[in-house]
Amino acid sequence: MSTAPDDSALSEIEILRLLEAARDVRLRAHAPYSKYQVGAAVLGDDGHIYGGCNLENASYGLTICAERVAIGAAISKGVIKPRAIAVVTADAASPCGACRQVLVEFNPEITVIIAGQHDDTYRTTTAAELLPDYFRLAR
Ligand code: THU
């Protein structure tokens with residue numbers, strides 16, 4: 001069985017580039033209320049990297065997470081199947097439940113790379129691992 005290029009394993013250099021992009025974009029977070037900055041960087045099936053940061057609002061419930069901003073940037077540029085997403089916070093936190101559901105929509109096997117802003121280590125998982133038995137519509 002041949003493996004499609006977009007399903008190939010991520011290289012260490014791709015992981016490090018994604019983490020760098022997520023760290024850079026995290027510094028642009030609009031988080032005046034929580035002061036909790038999040039940066040995310042998606043690797044598209046086109047080889048490009050799409051960044052996103054969290055966007056808070058004075059009407060708190062309108063907040064958008066960094067992961068969804070990054071996924072939106074990628075999909076709106078024509079990415080069909082995102083290969084990976086790096087998520088960077090101060091404390092190497094995992095994506096929230098809503099973002100997990102958004103990630104599985106596009107690729108349940110997307111590699112999720114998680115790190116702290118100043119860490120020299122990271123951990124990897126997948127969206128399906130983070131959200132077992134996720135909701136999907138029966139077709
Ligand atoms: N946040 C994200 O950007 N991604 C997550 O997965 C969880 C939380 C943001 C939302 C809000 O701006 C701040 O982090 C604190 O919840």
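Which backbone atom lies 2.9 Å from an oxygen atom of the ligand? I looked this up first, and found that a backbone N or O atom of Ala 66 lies at that distance from the ligand oxygen, which I noted as a polar contact (a pair of N or O atoms within 3.5 Å; within protein, one must be able to donate a hydrogen and the other to accept it, and residues adjacent in sequence count only if both atoms are side-chain atoms).

Before going on, I wrote down that this is a predicted model, in which local features need pLDDT of at least 70 and side-chain atom pairs count only at pLDDT 80 or more, while totals for chains, interfaces and linings use all residues. I also wrote down that residues are numbered from 1 along each chain as its sequence is written, and that side-chain values use heavy atoms, with hydrogens and water left out.

I listed the residues around the ligand (one heavy atom within 4 Å of it), and among them are Ser 34, Tyr 36, Asn 54, Thr 63 and Cys 96. The shell consists of six nonpolar, three polar and two charged residues, where Ala, Val, Leu, Ile, Met, Phe, Trp, Tyr, Cys and Pro count as nonpolar, Asp, Glu, Lys and Arg as charged, and the others, Gly among them, as polar.

**Entry: the strands**

Next I followed the strands and helices (DSSP runs numbered from the N terminus, helices being H or I with at least four residues and strands E with at least two); two strands pair if DSSP finds at least two bridges between them. Strand E1 (residues 39-43) and strand E2 (residues 49-53) run antiparallel and are joined by five bridges, with Val 42 opposite Tyr 50 in E2. Their hairpin has five residues between the strands, and there I found Gly 47 with a positive phi near 85°.

Strand E3 (residues 84-89) runs parallel to E4, to which six bridges join it, and Val 88 stands opposite Ala 115 in E4. With helix H3 (residues 97-106) between them in my notes, E3 and E4 make a right-handed β-α-β unit (with the strands pointing away from the viewer, the path from the first strand over the helix to the second runs clockwise). In strand E4 (residues 111-116), five of the six residues are buried (under 20% relative accessible area; exposed is over 50%, partly exposed in between; 1.4 Å probe, protein chains only). Four bridges join E4 to the antiparallel strand E5 (residues 123-126), and Arg 123 in E5 is the bridge partner of Ile 114.

**Entry: single residues**

I found Thr 89 in strand E3, where it is buried at 2% relative accessible area, and a polar atom of its side chain lies 2.9 Å from the backbone nitrogen of Ala 93.
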